[in-house]
Amino acid sequence: MPKSSETFVDSPSKVFSVRFIVALLLIAAGIGWILYYYLGVRPDPTVFPAEEGSPKAIADLGDWNYVIGFGAVMLGLAVSAHPSTPLGRGRGVVVGMLGCFLVGLLWICTFYVFSDDLSALPVMNDLGQWNLAVGIAFMAVGFTFATRWE
């Protein structure tokens, strides 16, 4: 029986806190936004003249759609670094930190290896040099996990 002084964080039986569900929803929404824009809305660069995407409100945002999508993913990861989530306590902090560092490193290395011809890499081909900012953003989120490491 838990003592009254123990907090929700100390209870291992509660895996899905509200904060963790919000973090998962933000990550899923960010990935969904990027996929929806890339696969359904953005104009096809191989067609001449380029056709306007639909819905027009999202197509008019252009590359800002990537900022919205990746911003939601990064915000979701940063929210998941809180101690009330599984990634914010114990070994989860190390997993989240190293995971973000490795994803950022792999993103940047992949960009540099294929920088001569990015046409075969979805999403990366639209971002160009902004791929460096995406990789660095993943590493920055890794540092939010590092602040929780004990």
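Reader: In which helix of the protein is confidence lowest, and in which is it highest?

Author: The model is a predicted one, and its confidence is lowest in helix α2 (residues 56–61), at a mean of 86, and highest in helix α3 (residues 64–79), at 96. For the protein as a whole the mean pLDDT is 86, with 87% of residues reaching 70 or more.

Reader: Over which residues is the pLDDT below 50, and how many contacts does this stretch have beyond near neighbours in sequence?

Author: The stretch is residues 5–10, and it has six such contacts in the model. Where pLDDT is low, predicted coordinates should not be read in detail.

Reader: What makes up the secondary structure of the protein?

Author: There are six helices and zero strands; from the N terminus the order is α-α-α-α-α-α. Of the contacts between residues at least 6 apart in sequence, 68% join residues at least 24 apart. Buried residues account for 32% of the 150 residues.

Reader: Why are α1 and α3 called roughly antiparallel?

Author: Helix α1 (residues 18–41) packs against α3 at an angle of about 160°, with the axes 8 Å apart. Angles over 145 degrees count as roughly antiparallel, and α1 and α3 are therefore described in that way. Their crossing is left-handed. Residues of α1 in the contact include Leu-26, Ile-27, Trp-33 and Ile-34, and those of α3 include Ile-68, Phe-70, Val-73 and Leu-77. By class, this contact has 16 nonpolar, four polar and one charged residues.

Reader: What makes α3 roughly parallel to α6?

Author: The angle between α3 and helix α6 (residues 130–146) is about 15°, and their axes are 9 Å apart. Since angles under 35 degrees count as roughly parallel, α3 is roughly parallel to α6. The crossing of α3 and α6 is right-handed. On the α3 side, the contact is made by Phe-70, Val-73, Met-74, Leu-77 and Ala-78, while α6 contributes Val-134, Ala-137, Phe-138, Val-141, Thr-144 and Phe-145. The classes are 10 nonpolar, one polar and no charged residues.

Reader: How do you know that α4 and α6 are roughly antiparallel?

Author: Helix α4 (residues 91–113) and α6 pack at about 165°, their axes 8 Å apart. The cut-off for roughly antiparallel is an angle over 145 degrees, and the pair is therefore placed in that category. The crossing of α4 past α6 is left-handed. Among the residues that meet are Met-97, Phe-101, Trp-107 and Ile-108 in α4, and Leu-132, Phe-138, Met-139 and Phe-143 in α6. The contact of α4 with α6 has 19 nonpolar, five polar and no charged residues.

Reader: Why is Met-139 called partly exposed?

Author: Met-139 has a relative accessible area of 23%. Buried would require under 20%, and exposed over 50%; the value for Met-139 lies in between, so this residue is partly exposed.

Reader: Where is Met-139 placed, and with which residues is Met-139 in contact, leaving aside neighbours within four places in sequence?

Author: Met-139 is in helix α6. Its contacts beyond those neighbours are with Cys-100, Phe-101, Gly-104, Leu-105 and Ile-108. The C-alpha atoms of Met-139 and Met-97 are separated by 8.3 Å, the two residues being 42 residues apart along the chain.

Technical notes:
Residues numbered from 1 in each chain as written. Predicted model: local features only at pLDDT ≥ 70, side-chain atom pairs only at ≥ 80, totals over all residues. Heavy atoms only, no water. pLDDT = per-residue confidence, 0-100. Helix = DSSP H or I, 4+ residues; strand = E, 2+ residues; numbered from the N terminus. Contact = heavy atoms within 4.5 Å. Axes fitted to C-alpha atoms, helices over the stretch in contact; angles between N-to-C directions. Parallel < 35°, antiparallel > 145°, perpendicular 65-115°, else oblique. Left-handed = near helix turned anticlockwise from the far one by under 90°. Nonpolar A, V, L, I, M, F, W, Y, C, P; charged D, E, K, R; others polar. Buried < 20%, exposed > 50% of the residue type's maximum accessible area, 1.4 Å probe, protein only.
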